[in-house]
Amino acid sequence: GGRSQGQIISGIEASETRSWSILHLAEGDDEESCGGALVEQNRLGPAGYHRSGSWADGISTACKQSLVRNNPIVDATDVALVLFGGPGSIIEDNHIIANTRIASAGITLVDFGPYDGNFSGSIVRRNTIDARNATIGVGVAMGPRTWQCMNPQDLVNVTLWNATVTENTLRGDHM
């Protein structure tokens, strides 16, 4: 992440992160921020422990015009796949499974920063979110009210816009 273009992250197997996400593509701090990353064919998880309060994500990205596809993410205890804006990014054909650990959510688009709510051109499609043997609290979360109650006048300053979420599958007895 950060000031980088065209990163390719492929064929990685990673689990049990010591921080808040197994894979984090940060946005950077200016016009030359992270862009054009390809994240595919990675096997990620488990990550974090819900009971101890040390939750962890599978993939967290704010990298613009990126493609995150075909990644199995198993037992991420916070959110399996977080899109922090990242205008123009495509999140597709990922398989999220809660097998032995509770997950807060499968996929989220809930943060106003770092792009002031701009999800223009971002597409989340054809992902499978499977609460196979453990609970997933929210399948796909969109907007800041997913996690907190807000007064209507406060929503004016945190409205998210222009994402497309389509053709995702939610399944499992623990959804």
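## Disulfide

A search of the whole structure, a predicted model, gives 1 disulfide, defined as a pair of cysteine sulfur atoms within 2.5 Å. The partners are Cys-34 and Cys-63, with sulfur atoms 2.0 Å apart. Because the torsion about their S-S bond is about -80°, the disulfide is left-handed. Cys-34 sits in the loop between β3 (21–25) and β4 (38–40), and Cys-63 in the loop between β8 (57–61) and β9 (67–69), so the pair ties together parts that are 29 residues apart in sequence. Strands are DSSP runs (E, at least two residues), numbered from the N terminus.

Cys-34 has 0% relative accessibility and therefore counts as buried. Cys-63 is buried too, with a relative accessible area of 0%. Buried means under 20% relative accessible area (1.4 Å probe, protein chains only).

## Nonpolar cores

A nonpolar core is a set of buried Ala, Val, Leu, Ile, Met, Phe, Trp, Tyr and Cys residues joined through side-chain atoms within 4.5 Å. The largest has 30 residues, and those with the most contacts inside it are Leu-25, Val-39, Ile-59, Ile-73, Leu-81, Ile-96 and Ile-107. Two or more residues of this core come from each of β3, β11 (79–83) and β14 (103–109). Apart from it lies another core, of 6 residues, including Val-79, Val-82, Phe-84 and Tyr-115.

Leaving aside neighbours within four places in sequence, Val-39 is in contact (heavy atoms within 4.5 Å) with Ile-9, Leu-23, Leu-25, Ile-59, Leu-67, Val-68, Arg-69 and Asn-71.

## Basis

Residues are numbered from 1 along each chain as its sequence is written, and side-chain values use heavy atoms, leaving out hydrogens and water. In this predicted model, local features need pLDDT of at least 70 and side-chain atom pairs count only at pLDDT 80 or more, while totals for chains, interfaces and linings use all residues.

Methods: Helices (H or I, at least four residues) and strands (E, at least two) are DSSP runs, numbered from the N terminus. Buried means under 20% relative accessible area, exposed over 50%, partly exposed in between (1.4 Å probe, protein chains only).
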